[in-house]
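This briefing is meant for a reader who is meeting the structure for the first time. It begins with a question about contacts and then goes through the helices, the cores, the pocket and some single residues.

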Amino acid sequence: MKIPKFQDLILFENADLIIVNKPPFLSSLDEREGGDINMLRLAKQYWPDAQICHRLDKETSGALVFAKNPEAYRAVSMQFEKRQVKKVYHAIIDGTHVFENLFIDLPILNVGKGNVTISRQEGKRAETWFNSLKYFKHYTLVECRPITGRMHQIRIHLATQRASIAGDELYKGKPVLLSDLKRNYRLGKDQEELPIMKRFALHAFEISLKINAEEEITVNAPYPKDFETLLKLLEKFDQ
């Protein structure tokens, strides 16, 4: 993949913070194997003291916060710890689901190797609010507001509602194929059909946090191309 210029990703910047629109397929931090370029490395090339304040899954796009100095890092980390940072995600899910302030409160246990499970006995508290934004024949665009920040929280909470994120095969979400949407869709001979999105359809759409004692900001991250394309095709062929 083409590595973007960090400055092209910036949505907000002041003396203390940088908020970027993270592209899909870039890790937030070093993965265990190391070597790969990731968001923190890109940030440090731009601002050597940059520290990452939270993380997004590799496939998830959207708003990601960096601190430019230790004081700002501490201040933002405290807001995350106290659950004062408001996060809004958008997801495209399998099936038509009417969520009106649906509150999911199911504890999540990290079982290691990038896997989590719901465990009422051993899991850590995990809470998410869900609202449906737009309905299609076979899919729904939903707004997800996580209160806690557990690994894979939105993905597994949706899966418990039989509403897996499109393309999220780890949680039984199916990739969206144009042939499923478009009548009489023909593939050329010996061609293999690829999904419209080559990842699961989850985007960190908005983040709100305090940048000093008095001032709170809300930053919106526009949809990346693949998410927008999928929505357009659903509007065209899946109404």
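Leaving aside its neighbours within four places in sequence, with which residues is His157 in contact? In this predicted model, the residues in contact with His157 are Ile104, Leu106, Ile108, Ile118, Ala126, Glu127, Thr128 and Phe130. His157 belongs to helix α4, and because its relative accessibility is 0%, which is under the 20% cut-off, His157 counts as buried.

**Helix α4 and what follows**

- Helix α4 (153-160) is mostly covered, since six of its eight residues are buried.
- The buried residues of α4 are Gln153, Ile154, Arg155, Ile156, His157 and Leu158.
- When neighbours within four places in sequence are left aside, Leu158 is in contact with Ala91, Ile93, Phe99, Phe130, Cys144, Ala163, Ser164 and Ile165.
- Just after α4 comes Arg162, which takes a positive phi of about 55°.

**Nonpolar cores**

- In soluble globular proteins, nonpolar side chains tend to be buried together.
- The largest nonpolar core here has 46 residues, and those with the most contacts inside it are Met39, Phe66, Ile92, Leu158 and Ile165.
- Helix α6 (residues 225-237) gives the largest share of this core, namely five residues.
- Another core, of 17 residues, lies apart from the largest one, and Ala72, Phe80, Ile211 and Val219 are among its members.

**Helix α6**

- The 13 residues of α6, counted at 1.5 Å a residue, should span 18 Å, and this agrees with the 18 Å that separate the C-alpha atoms at its ends.
- The residues of α6 that are buried are Asp226, Phe227, Leu230, Leu231, Leu233 and Leu234.

**Helix α2**

- Helix α2 (residues 39-46) has Met39, Leu40, Leu42 and Ala43 as buried residues.
- The arc that these residues cover around the axis is only 160°, so they are placed on the same side of α2.
- The cover over the buried residues of α2 includes α1 (6-9), β2 (17-22), β3 (51-52) and β4 (61-67).

**The largest pocket**

- The volume of the largest pocket is about 1,300 Å³.
- Its lining is made up of 40 residues, of which Arg55, Leu56, Asp57, Met151 and His152 lie nearest the centre of the pocket.
- The elements that give two or more residues to this lining are α3 (70-81), β5, β7 (108-112) and α4.

**Two further residues with positive phi**

- Most residues other than glycine have a negative phi.
- His152, although it is not a glycine, has a positive phi of about 60°; His152 lies in the loop between β10 and α4.
- With a relative accessible area of 9%, His152 is buried.
- Asn184, also a residue other than glycine, has a positive phi near 55°, and the place of Asn184 is in the loop between α5 and β11.
- Asn184 counts as exposed, because its relative accessibility is 67% and the cut-off for exposed residues is over 50%.

- Leu177 lies in the loop between α4 and α5 and is partly exposed, with a relative accessible area of 24%.
- Not counting residues up to four places away in sequence, Leu177 touches Glu193, Leu194, Pro195 and Ile196.
- Leu177 and Glu193 are 16 residues apart along the chain, and their C-alpha atoms are separated by 7.4 Å.
- Met78, a residue of helix α3, counts as partly exposed at 40% relative accessibility.
- The C-alpha atoms of Met78 and Glu193 are separated by 46 Å, and along the chain Met78 and Glu193 are 115 residues apart.

Technical notes:
Residues numbered from 1 in each chain as written. Predicted model: local features only at pLDDT ≥ 70, side-chain atom pairs only at ≥ 80, totals over all residues. Heavy atoms only, no water. Core = buried A, V, L, I, M, F, W, Y, C linked by side-chain atoms within 4.5 Å. Buried < 20%, exposed > 50% of the residue type's maximum accessible area, 1.4 Å probe, protein only. Helix = DSSP H or I, 4+ residues; strand = E, 2+ residues; numbered from the N terminus. Contact = heavy atoms within 4.5 Å. Expected span 1.5 Å × (residues − 1). 1 Å grid on protein atoms, 1.4 Å probe; cavity = no way out; pocket = protein on both sides within 12 Å on 5 of 7 lines; lining within 4 Å. Points joined across faces, edges and corners; volume = space filled by probe spheres on them. Arc of directions from axis to C-beta.
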